[in-house]
Amino acid sequence: MSMTSATPAARYIGQSVTRKEDQRLLTGHGQYVDDITLPGLLHAAFVRSDIARGAITRVDADAARALPGVVAVYTWSDFHGGFGASWHAMLGEELMVPPPLAITDVRHVGDPIAIVVATSRYIAEDACDLIEVDIDAQDAVVEFSTAAEDTDNLVHAGWGLTTNAMMAVPFTPMSPDLDQAFDDAAHVVDCTIRQNRYVCVPMEGRGIVADYSTGRDELDVVCSCQSVHETRNFFSRYLQIPESSVRVSARDVGGGFGQKMFVFREECAVVLASRLLGQPVKWIEDRHENLVAAPHSRNEQGVVRLAIDADQIIQAITIDHVGDVGAYPACPAVMNPQLLPGPYKIPRLGFSMNMVWTNTMGKGAYRGPWMFETTAREMAIDNAARVLDIDPIEFRRRNLLAAADLPFTSPGLQVFSEITPLETLEQALEMLDYDAFRAEQKAARAEGRLLGLGCSVYVEPTSMSGPTLATEGATIRVESSGKVVAFLGTTSHGQSVETTMAQVVADTVGVRYEDVTIVQADTQSTPYGPGTGGSRTAVIAGGAARQAGEVVRDKIVQIAAHHMEADPADLEVSNGVVSVAGTPARSMTVKEVADHAYRFADQLPADLGAGLEATVRFKPTRFPTWSNATHLCVVEIDRDTCVPHVVRYIVSEDCGRMINPSVVEGQIFGGVIQGMGGVLLEDFVYDSSGNPLTTTFMDYLLPTTTEVPEIEIGHIETESTTNPGGYKGMGECGAIGAHAAVANA
Amino acid sequence: MSTNHDVKVTVNGRERTGTVEARKTLADFLREDLGLTGTHLACEHGVCGACTVIVDDRAVRACLQFAVQVEGTSITTVEGLATDGELNPVQRAFMNEHGLQCGFCTPGFVVSATALLASNPDPSDQEIREGLSGNICRCTGYQGIIRAVRSAATEMRASQ
């Protein structure tokens with residue numbers, strides 16, 4: 001079939017339409033994993049190590065097993081040999097999910113040793129208290145910056161390893177004249193930047209209901225996850241049953257931020273328990289578990305060196321980096337060194353990287369997992385400005401890329417186009433009224449007040465390629481009622497996907513937003529997708545939704561043209577009505593078209609097949625889709641209490657064409673406050689023995705309404721050409737930029 | 001072994017009864033025994049406010065109360081805020097101001113804000129912030145939430 005009709009003008013795209021998710025979520029009718037109940041449902045709880053490193057010498061579960069209501073207590077030996085491969089397609093076969101339970105030794109506090117399954121969560125927890133575990137404690141490896149040199153205490157001696165270094169990339173000059181640039185520099189300024197350990201903390205912790213039917217050899221899973229399809233594929237391999245025998249769904253997910261991207265060892269234990277018992281088993285982690293034993297993040301350090309010439313042009317940047325991946329990383333997400341020069345015209349780059357194991361909770365993804373490059377660079381630039389006694393804003397102006405400099409290939413071999421670094425800086429400065437601020441600051445300092453301004457500029461690689469991530473699928477169907485359903489491979493843990501994708505579908509097909517429903521997060525009905533994360537949904541799923549919508553709209557036009565005896569080229573579809581352009585009286589509704597497609601399909605010409613449905617897979621024309629932003633933060637520190645107060649926070653960002661400005665701004669707000677929290681409040685702390693000290697919300701402090709500023713946002717919309725809608729990802733941006741902006745202030 | 005206790009309460013205008021262990025929390029009683037899963041548990045140690053419900057006109061944390069403590073009281077949960085499917089002004093304002101994203105903390109926020117505006121119909125911005133400081137949201141940075149409560153207060157005063 002030929003493409004016959006032009007895409008209708010945007011009616012919903014660009015509008016802050018009411019979210020489709022809100023009615024159910026506001027009235028308490030969302031469906032999160034803990035809301036699921038099933039006949040015969042059992043409840044699981046874990047016994048975890050309270051020792052960071054040591055050999056398990058005894059586990060006595062007799063008293064627990066004797067407790068009425070306890071159905072089973074499993075340790076490693078019960079699961080050993082009972083499962084297959086445990087890798088994720090996105091991460092590769094080498095990085096396996098650790099065994100569901102500790103085997104002979106524990107490697108971090110929180111390491112699961114036993115799982116109790118009982119008729120209620122209360123009884124399961126009672127039973128955990130009755131299980132006696134003896135551990136022969138050994139010295140733990142806690143401080144990551146020196147862990148690689150420690151050969152006496154090894155995190156993974158049990159694997160026969162003789163080092164704590166997971167990966168070491170020796171210093172790599174990306175430019176042949178790097179040394180010369182430092183020799184020639186008027187100024188060489190170096191500093192050590194350390195970003196503390198702070199964590200995702202989704203308000204809904206992790207959780208799973210696993211229902212293994214031994215009679216059918218089928219697994220049905222509902223879990224709080226970011227990728228139902230990858231979870232399904234994982235358990236298909238893990239249990240060695242076909243993908244079609246595994247169903248994974250996740251209707252509502254209470255936040256993820258990267259933490260829930262991959263399958264957890266606890267989920268493996270619950271699935272194995274369900275299979276051994278032939279009964280559904282639910283595990284809902286508590287907050288203590290989420291803080292102590294769900295993937296951690298950040299915790300990286302780097303020595304950054306800048307070579308600066310007499311005109312204050314940065315001629316080279318290098319970093320010697322080390323990042324903590326904990327004992328069992330869910331994914332070893334650390335800084336992307338190729339992005340270290342960021343959106344600057346810096347011509348030379350060099351880096352070394354080290355990822356080290358420690359006896360702490362393993363690392364996972366967190367909103368911009370590679371973002372230490374921004375924290376390190378932006379803090380190093382402010383530090384250099386201080387050392388050279390120059391204005392950090394003017395220093396950035398001299399070095400930033402502007403739209404006119406593009407395309408630009410960085411020394412990290414990143415090809416930038418369609419970004420606006422200098423333009424966002426200027427917009428943010430205008431929003432602040434920079435000159436007025438400096439005057440106010442001068443007056444404040446004269447009064448002895450501590451008023452500071454921090455800046456952070458960055459470029460974000462959204463919608464990256466890499467294993468599994470390059471494409472998304474969409475199936476769009478006009479039902480016989482004329483209503484439209486789009487089946488997407490996405491999940492949503494707060495991103496408003498049901499809303500934004502419905503806007504795209506409504507505009508593309510030419511129907512009312514109210515008549516579009518998005519079905520997602522169910523492997524039984526939706527096309528494969530690797531999951532929602534990496535700021536990829538608008539670009540890639542949006543591209544798929546749009547292309548599938550175009551095919552469906554064309555078929556609507558073809559069928560209508562046949563029945564109206566009109567030229568397809570003269571027809572337009574808008575608001576659920578197909579009409580002849582310029583002659584609106586000649587029309588038929590999409591519902592009438594659907595009737596012809598289904599009920600009266602025998603009357604269609606032979607070249608027009610029955611039904612109104614299309615499936616496409618979309619791949620952007622290139623990777624990644626760049627977006628960018630500038631953050632400005634004004635902080636006043638109380639001289640008496642030393643408490644910092646964020647006075648103003650300004651973001652100027654360019655995420656291309658916005659599908660829904662409220663959703664865009666909501667993502668920025670949330671990310672900024674997470675980054676701000678990481679600097680001012682949040683810090684996950686271990687003592688020198690590897691004991692976690694911040695295990696409740698009374699110790700691990702999250703920002704609340706009384707700490708947050710009003711965030712001001714300016715937009716520049718430079719459309720991306722990687723996808724037909726001109727979109728760019730932006731889900732991670734707030735969290736990437738905020739750390740350095742707040743710290744610099 | 002534990003002794004069970006009978007509980008009789010009015011929840012969202014309806015009389016409900018149950019038999020519970022003394023240690024069963026109000027939150028678990030609402031969720032498991034009464035099937036009202038809108039009340040969410042996010043910390044279970046009284047900090048995050050996700051489980052907030054109104055007991056006899058007072059906002060309380062359902063994770064820190066035992067079911068047996070609410071015998072004879074009248075309780076409003078998030079499911080009881082809307083009337084005949086029509087959102088209350090706070091819920092409506094959350095919808096209009098993008099006051100929620102993942103929605104997990106949302107029941108606690110709308111219940112807390114409803115209770116706040118019932119006791120203080122004309123709160124200052126500072127009073128809104130302090131009134132909601134016992135609820136944690138991880139998605140929104142509180143921007144839409146604060147706007148929503150401000151706008152709900154205005155709307156409720158206008159319709160008085």
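Tutor: One term before we start: two residues are in contact if their C-beta atoms, placed from the backbone, lie within 7 Å. Also keep in mind that this is a predicted model.
Student: Okay. Which elements cover the buried residues of α15(A)?
Tutor: The cover includes β21 (472-478), α14, β25 (577-580) and β26 (583-589), which belong to chain A.
Student: And which residues in α15 are buried?
Tutor: Helix α15 spans residues 590-598 of chain A, and its buried residues are A:V590, A:V593, A:A594, A:H596 and A:A597.
Student: Where do those sit, looking down the axis of α15(A)?
Tutor: They line one face of the helix, because the buried residues of α15(A) fall within an arc of 160° when you look down its axis.
Student: You mentioned α14. How do α14(A) and α15(A) cross?
Tutor: Their axes come within 10 Å and cross at roughly 85°. So α14(A) and α15(A) are roughly perpendicular to each other.
Student: Which residues meet there, between α14(A) and α15(A)?
Tutor: From α14(A) you have A:I556, A:I559, A:A560 and A:H563, and they meet A:V590, A:V593, A:H596 and A:A597 of α15(A). Sorted by class, this contact between α14(A) and α15(A) has 6 nonpolar residues, 2 polar ones and no charged ones.
Student: Switching topic: how many residues are in the largest nonpolar core?
Tutor: The largest nonpolar core has 278 residues, and A:V116, A:A486 and A:V505 are those with the most contacts inside it. The helix that gives the most to this core is α14 of chain A, residues 537-564, with 13 residues.
Student: Now the two chains. How many residues does the contact take from chain A and chain B?
Tutor: Chain A puts in 41 residues and chain B puts in 41 residues. On the chain B side, α2 (89-96), α3 (106-119), α4 (125-131) and α5 (143-158) each supply at least two residues. By class, that side of chain B has 21 nonpolar, 14 polar and 6 charged residues.
Student: Is α2(B) mostly covered or mostly uncovered?
Tutor: Mostly covered, as 6 of the 8 residues in α2(B) are buried. Those are B:P89, B:V90, B:Q91, B:A93, B:F94 and B:M95.
Student: What do the buried residues of α2(B) pack against?
Tutor: They pack against α1 (22-26) of chain A, and also against α3 and α5 of chain B. Just past the end of α2(B), B:H98 takes a positive phi of about 55°.
Student: What about A:M203, is it buried or exposed?
Tutor: A:M203 is buried, because 26 other C-beta atoms lie within 10 Å, and the cut-off for buried is 20 or more. You'll find A:M203 in the loop between β10 (187-197) and β11 (207-213) of chain A.
Student: Which residues does A:M203 touch?
Tutor: Not counting residues up to four places away in sequence, A:M203 touches A:G254 and A:G255 in chain A, and B:A42, B:C48, B:A50, B:C102, B:F104, B:C105, B:I136 and B:R138 in chain B.
Student: And A:A436, buried or exposed?
Tutor: A:A436 is exposed, with 9 other C-beta atoms within 10 Å. This residue lies in helix α12, residues 434-446 of chain A.
Student: What's the phi of A:D389?
Tutor: It's positive, about 55°, although A:D389 is not a glycine. A:D389 is exposed, with 6 other C-beta atoms within 10 Å.

Definitions and conventions
Residues are numbered from 1 along each chain as its sequence is written. Chains are lettered from A and ligands numbered from 1 in the order in which they are written. This is a predicted model: local features need pLDDT of at least 70, side-chain atom pairs count only at pLDDT 80 or more; totals for chains, interfaces and linings use all residues. Helices (H or I, at least four residues) and strands (E, at least two) are DSSP runs, numbered from the N terminus. Ala, Val, Leu, Ile, Met, Phe, Trp, Tyr, Cys and Pro count as nonpolar, Asp, Glu, Lys and Arg as charged, and the others, Gly among them, as polar. A nonpolar core is a set of buried Ala, Val, Leu, Ile, Met, Phe, Trp, Tyr and Cys residues joined through C-beta atoms within 7 Å. A residue is buried if 20 or more other C-beta atoms lie within 10 Å of its own, exposed if 12 or fewer, and partly exposed in between; C-beta atoms are placed from the backbone. The arc is that of the directions from the helix axis to the C-beta atoms. Axes are lines fitted to C-alpha atoms, for helices over the stretch in contact, and angles run from 0 to 180 degrees between N-to-C directions. Angles under 35 degrees count as roughly parallel, over 145 as roughly antiparallel, 65 to 115 as roughly perpendicular and the rest as oblique.
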